[in-house]
Amino acid sequence: MALFDSLLTPIASILDKVIPDKAARERAKVELLQLQGTQEMQLIEARLGAIVAEAQSSDPWTSRARPSFLYVMYALILFSVPMGVIAAFDPATANAIGNGMTQYVAALPDALYALFGTGYLGYTAARQWGKIKGGG
């Protein structure tokens, strides 16, 4: 329950930024408060506790897994710069590279995208919890 209490304010802050409709945002906050003490909330707390434990692990492979994954995603985004240069000199090659990448990304399973979203959200929540607790 302590983990939930420490995350309640940051989660409410995220809801304020993510949900533009004030009425929908307030409903989401009420539902979040209603989860407190339920089995579903205990399950969420257990998952977040595991994420926090991984983030605080002294094992570099465990503690750096999520940030490393984000760096890979950032590298893919930054790849657009050299692709722009290639397109300036050889549009057909740039088009072929883009089509190949599009086909590759489209072939990735939806579960992988869900895993990325869950990992990103979990990493963000763990970092926020660490900041609240004074861990950096």
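Tutor: One term first: a contact means heavy atoms within 4.5 Å. Bear in mind that this is a predicted model.

Student: Which residues of α6 meet residues of α7?
Tutor: Helix α6 covers residues 80-89, and helix α7 covers residues 91-107. On the α7 side, the contacts involve Pro91, Thr93, Ala94, Ile97 and Gly98. Their partners in α6 are Met83, Ile86, Ala87 and Phe89.

Student: Is α6 roughly antiparallel or oblique to α7?
Tutor: The axes of α6 and α7 are 5 Å apart, and the angle is about 140 degrees. Roughly antiparallel requires an angle over 145 degrees, and roughly perpendicular covers 65 to 115. The angle of about 140 degrees therefore makes α6 oblique to α7.

Student: Is Asn95 buried, partly exposed or exposed?
Tutor: The relative accessible area of Asn95 is 47%. Buried means under 20%, and exposed means over 50%. Asn95 lies in between, so the residue counts as partly exposed.

Student: Is Tyr71 buried or exposed?
Tutor: Tyr71 is found in helix α5. Its relative accessibility is 55%. The cut-off for exposed is over 50%, so Tyr71 counts as exposed.

Student: Which helix gives the most to the nonpolar patch?
Tutor: The patch on the surface is formed by Tyr71, Tyr74, Ile77 and Tyr120. Together these residues have about 460 Å² of accessible area. Three residues of the patch come from the helix that spans residues 65-78, and that helix is α5.

Student: How many helices does the protein chain have?
Tutor: The elements run α-α-α-α-α-α-α-α from the N terminus on. The chain has zero strands. The number of helices is eight.

Methods. Residues are numbered from 1 along each chain as its sequence is written. This is a predicted model: local features need pLDDT of at least 70, side-chain atom pairs count only at pLDDT 80 or more; totals for chains, interfaces and linings use all residues. Side-chain values use heavy atoms; hydrogens and water are left out. Patches are made of residues with over 30% relative accessible area and no salt bridge: like charges are joined within 9 Å, nonpolar side chains (Val, Leu, Ile, Met, Phe, Trp, Tyr) within 5 Å. Accessible areas come from the Shrake-Rupley method with a 1.4 Å probe; for residues, only the protein chains shown count as cover. A salt bridge is a side-chain nitrogen of Lys or Arg within 4 Å of a carboxyl oxygen of Asp or Glu. Helices (H or I, at least four residues) and strands (E, at least two) are DSSP runs, numbered from the N terminus. Buried means under 20% relative accessible area, exposed over 50%, partly exposed in between (1.4 Å probe, protein chains only). Axes are lines fitted to C-alpha atoms, for helices over the stretch in contact, and angles run from 0 to 180 degrees between N-to-C directions. Angles under 35 degrees count as roughly parallel, over 145 as roughly antiparallel, 65 to 115 as roughly perpendicular and the rest as oblique.
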